[in-house]
Amino acid sequence: MRGRKPIPTHIKLVNGNPRRRPITPDGFRPLAEIPDCPEHLQGEGRKEWDRITALLDEHAMIAQVDRGALSMLCTVWARYVNAEEMIEKARQAAPASMGLFVKSPNDFPIQSPWLAVSNRAMEQYRALCDMFGLSPSARARIEPATSQMNLPGVEQLGPDRFFAK
């Protein structure tokens, strides 16, 4: 996501509306339910799917539309775990390198390719966790659907707004 994070509607109402821009209710809220686990997720990816979906479902923060992004999050987690296991195997084979270095074909020490995979997976995992409110800073910006309140002064969207009751 680029730019500033959107300010939640209830914060806009508390702070006022100095620019007099229209205030719309917080957007799309699909039905909270756990999507089916993709077939390609196995091993660590499947374990992460089960762990994350249970946590998100507890706070009604998961929906069917999240399946693709959750699948990516779990795939990246599995890639990270695999890379860390390979680093540990390299450390056991050559304790002096701590698994962080390997020898090139020219016998020069170079950074382990598994370290690069691990580092990249950590970056991707953190970014994907932010999408689901799974980091401390991301949790500060979201509000679970179970605790949403009706906001006074904010019109309902839909055809009813055009017709008097």
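## Helix α3 against helix α4

Helix α3 crosses helix α4 in a left-handed sense. The model is predicted. α3 covers residues 67–93 and α4 covers residues 113–131. Their axes lie 8 Å apart, at an angle of about 150 degrees. Angles over 145 degrees count as roughly antiparallel, so α3 and α4 are roughly antiparallel to each other.

Which residues make the contact? From α3 come A69, M72, L73, V76, W77, R79, Y80, N82, A83, E84, M86 and I87. From α4 come W114, L115, V117, S118, A121, M122, Q124, Y125, L128, C129 and M131. By class, the contact of α3 with α4 holds 18 nonpolar residues, three polar and two charged.

S97 sits in the loop between α3 and β1, the strand at 101–103. Is S97 buried or exposed? Its relative accessibility is 13%. Buried means under 20%, so S97 counts as buried.

## The chain as a whole

The protein chain has five helices and two strands. Read from the N terminus, the order of elements is α-α-α-β-β-α-α.

The chain has 165 residues, and 24% of them count as buried. S97 is one of the buried residues. Take the contacts between residues at least 6 apart in sequence: 63% of these join residues at least 24 apart.

Technical notes. Residues numbered from 1 in each chain as written. Predicted model: local features only at pLDDT ≥ 70, side-chain atom pairs only at ≥ 80, totals over all residues. Heavy atoms only, no water. Axes fitted to C-alpha atoms, helices over the stretch in contact; angles between N-to-C directions. Helix = DSSP H or I, 4+ residues; strand = E, 2+ residues; numbered from the N terminus. Parallel < 35°, antiparallel > 145°, perpendicular 65-115°, else oblique. Left-handed = near helix turned anticlockwise from the far one by under 90°. Contact = heavy atoms within 4.5 Å. Nonpolar A, V, L, I, M, F, W, Y, C, P; charged D, E, K, R; others polar. Buried < 20%, exposed > 50% of the residue type's maximum accessible area, 1.4 Å probe, protein only.
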